Amino acid sequence: MSELMYDVLVVGAGPVGCKVAELLSKEGIKVLVLEEHDEIGKPLKCAGLVSHRIFKLSNVSKDVVVNVVKKAKFHSRNEFFELKSKKPVYVIDRVKFDKKLGEIAEVCGAEIKTKTEYVGLKRKDETVIVKTRKGMIKTKILVGADGANSSVAKSCRLSLPDNVLVGLQTNVKSIYENEVELWFDSKISPDFFGWVIPEDRNKARVGVATKRKASFYLTNFLRRRFQKCLKVEGRVSGLIRYGLIESSVSDNVLLVGDAACQVKPFSGGGLVYGLIGARIAAEACMKCLEEERFDEEFLKENYDEVWKGELAWPIRKGMMLNKLLHSLSDWELNLLFKLLKIKRIRKFLETWDVDLLK
């Protein structure tokens, strides 16, 4: 591996990393994707609830869909209100979705190496020498698509926002209406919310996200929501880091997706923002290669400032919404949710773009 040279090396074969690789490979650019795990899509780290935008952004067909919902029920401790979505919201098989994006990237010419962990980097002339557990690889551009605790960000000393949640989810067999449930209660999650996402009438993904004691709060949520013995299958967990990153670039390096905190602060979802970031990252890499400019200033102008031009305001609005909801006490949330039952207010909320908050 020490003699190999690539135009672009992507760390992380999640949906965002694979999309960057696909877009670049289509243009004849030599791309390598490194994935530390044995296979793409595992371990699962996502609830798999996505908006209609995801299929156009990913170019993945809808055969990854396991359920379609058009209604959400928002619970506080003693109140609830319902919102209907004008466009369908999809529950997807995330493992299948991730694998399809990896397959598309490979068909377009990208090379993917699994079981290959990124360790660090050093710069030499106009290139980056990437150290892995299996040897050294040279590249002109390094793309960090390696998640909320990005090793690429750490090795480049790019500071990440401090807002970090642990998401913990399990599958629960019960009887469900075809609607998503979001639970706001300090005894369920003092920092975020609990969710119930139905796959069908008899099975749902149930989870919480919180800054600490995720297992404790998930147990509380299961007791509160179901109130009896349940058939629970497995647990999956993942980190959610949100907020506007100060800088997502360094010489020869850019961050994308969760690594760049391209995440909706109000819901923790990263697919839509991350795939928007992937398109902009690929365009920036092509400009770098065309002009043979790999310095931080060039990447800041052509990537960092561009993606923030599209996503900084939605992220800031999401931060304000998050802060508002989680600054309220339980009784204040009850009062708010009671007000949100008013038809005119509900109808206004139903016109919102759930991704970009506009």
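Author: Helix H7 gives the most to the negative patch, with four residues. The model is predicted: local features need pLDDT of at least 70 and side-chain atom pairs count only at pLDDT 80 or more, while totals for chains, interfaces and linings use all residues. Residues are numbered from 1 along each chain as its sequence is written, and side-chain values use heavy atoms, with hydrogens and water left out.

The patch on the surface gathers Glu-27, Asp-251, Glu-290, Glu-291, Glu-296, Glu-297, Glu-301 and Glu-305. Patch residues have over 30% relative accessible area and no salt bridge, and like charges are joined within 9 Å; a salt bridge is a side-chain nitrogen of Lys or Arg within 4 Å of a carboxyl oxygen of Asp or Glu. Accessible areas come from the Shrake-Rupley method with a 1.4 Å probe. Asp and Glu count as negative, and the charge is placed at CG of Asp or CD of Glu.

At least two residues of the patch come from each of helix H6 (271-291) and helix H7 (296-327). Helices are DSSP runs of H or I with at least four residues, and strands are runs of E with at least two. Asp-251 lies in the loop between strand S15 (249-250) and strand S16 (253-255). With a relative accessible area of 32%, Asp-251 is partly exposed, a class between buried (under 20%) and exposed (over 50%).

How values were computed. Patches are made of residues with over 30% relative accessible area and no salt bridge: like charges are joined within 9 Å, nonpolar side chains (Val, Leu, Ile, Met, Phe, Trp, Tyr) within 5 Å. Buried means under 20% relative accessible area, exposed over 50%, partly exposed in between (1.4 Å probe, protein chains only).
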